Amino acid sequence: DYLRAASPQHRRYLLYNPMVKMKVTLQGEEVINLLWDVIAAKGFEKDTYFEMAARDIRGLPKLEGTVHVNIALIVKFMPNYFLNHAPYPPVPRRDDAANDAFLFDQGPARGLGKIAFHDPAPVFASRDLPNVRHFRAQMAVFQELLATATPDDAQRKDLDFVMAMGEIFVLIVYAQLVLENAALYAIDDGLVEQIFDFLVRDLSRFALQLHGKASTTAAQEACCLRMLQKPVVDDARYQRVWREHVFALAGAYRMND
């Protein structure tokens, strides 16, 4: 939607595009790996959908640009995402038949540091749910780290450190887009909560990785420990999402003869 609504004055897509290419493809690969743990040896059977999926899913994070290249681009937008805000009209669902000429004539990619973003705070406040609140608290600590324990020049040149910081930032932007699309597609609160259950756990995992990096300072380590959160567990919600959104898809796909 941001790509189709883009213009020389609205270039937020330059963050969202590499973020989707990096994060969504990795999530797809992880889903296949988790499914493989479930179906085990049957995943090796030939002429099945899974055999094709397990092979082809490996290419997406590489064909869409290697992960470290996309993260190196994404982190350039971090200061503006949190600090340089501008009013923009809401971007609606864009599946209309419109002329996408700008996508084929985007002009130079320079001037990334001048791109302003809408304030993400109202987006994260739009769903007052327990796990969304947990994620907001983690996000606030990450912003505190950037403001009070700002990475120095040596850390910004340390690719291992930058990758760990980038993973956290990518997850925040990913969560923002999830919430925006949850409104556009009328996703119910239970499913949003279940999505943020894993987002809270993922951010905790990346915070722990950042804590263990060789160049992380004591102040940064303290922030990382505060980002470690356990999501609010609700078995009834989990079972309902499993029953209505996951198991309901059983048998929906049919291989061609």
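Buried means under 20% relative accessible area, exposed means over 50%, and partly exposed covers the range in between, with a 1.4 Å probe and protein chains only. By that cut-off Gln27 is buried, with a relative accessible area of 16%. This is a predicted model, in which local features need pLDDT of at least 70, side-chain atom pairs count only at pLDDT 80 or more, and totals for chains, interfaces and linings use all residues. Residues are numbered from 1 along each chain as its sequence is written, and side-chain values use heavy atoms, with hydrogens and water left out. Helices (H or I, at least four residues) and strands (E, at least two) are DSSP runs numbered from the N terminus. Contact means heavy atoms within 4.5 Å.

**The H9 and H10 pair**

- Helix H9 spans residues 159-184 and helix H10 spans residues 189-211. Their axes come within 9 Å and cross at roughly 170°.
- That angle makes H9 roughly antiparallel to H10. The classes are: under 35 degrees roughly parallel, over 145 roughly antiparallel, 65 to 115 roughly perpendicular, and the rest oblique.
- Axes are lines fitted to C-alpha atoms, for helices over the stretch in contact, and angles run from 0 to 180 degrees between N-to-C directions.
- On the H9 side, the residues that meet H10 include Phe161, Met165, Ile168, Leu171, Ile172, Tyr174 and Val178. On the H10 side, Val192, Ile195, Phe196, Leu199, Leu203 and Phe206 are among the residues that meet H9.
- By class, this contact has 19 nonpolar, no polar and two charged residues. Ala, Val, Leu, Ile, Met, Phe, Trp, Tyr, Cys and Pro count as nonpolar, Asp, Glu, Lys and Arg as charged, and the others, Gly among them, as polar.
- Glu167 in H9 and Asp202 in H10 are part of the contact.

**Nonpolar cores**

- A nonpolar core is a set of buried Ala, Val, Leu, Ile, Met, Phe, Trp, Tyr and Cys residues joined through side-chain atoms within 4.5 Å.
- The largest core has 58 residues. Phe135, Phe142 and Ile172 touch the most other members.
- The elements giving two or more residues to this core are H1, H4 (67-74), H5 (78-83), H6 (121-125), H7 (130-148), H9, H10 and H11 (218-227).
- H9 gives the largest share, 16 residues.
- A second, separate core has five residues, including Ile32, Phe50, Ala53 and Ile57.
- Phe135 touches Phe124, Leu171, Ile172, Ala175, Phe196, Leu199, Val200 and Leu203, not counting residues up to four places away in sequence.
- Phe196 lies in helix H10. Phe196 is buried, with a relative accessible area of 0%.
- Beyond four places in sequence, Phe196 touches Asn131, Val132, Phe135, Ala175, Val178 and Leu179.
- Phe196 and Pro120 are 76 residues apart in sequence, and their C-alpha atoms are 16 Å apart.

**Helices H1 and H2**

- Gln27 is placed in helix H1. Leaving aside neighbours within four places in sequence, Gln27 is in contact with Tyr174, Phe198 and Asp202.
- In helix H2 (residues 49-56), Phe50, Ala53 and Ala54 are buried.
- These three cover an arc of only 100° around the axis, which puts them on the same side of H2. The arc is that of the directions from the helix axis to the C-beta atoms.
- The buried residues of H2 pack against helix H1 (13-39).
- Tyr49 is also in H2. Tyr49 is partly exposed, at a relative accessible area of 45%.
- Tyr49 touches Tyr253 and Met255, not counting residues up to four places away in sequence.
- Tyr49 and Leu35 are 14 residues apart in sequence and 12 Å apart in space, C-alpha to C-alpha.

**Loops and exposed positions**

- Asp47 is in the loop between H1 and H2. Asp47 has a positive phi of about 60° although it is not a glycine. At 72% relative accessibility, Asp47 counts as exposed.
- Ala186 is in the loop between H9 and H10. Ala186 has a positive phi of about 55°, and is not a glycine. Its relative accessibility is 65%, so Ala186 counts as exposed.
- Ala183 lies in helix H9. Ala183 counts as exposed, at 57% relative accessibility.
- Ala183 and Arg127 are 56 residues apart along the chain, and their C-alpha atoms are separated by 9.4 Å.
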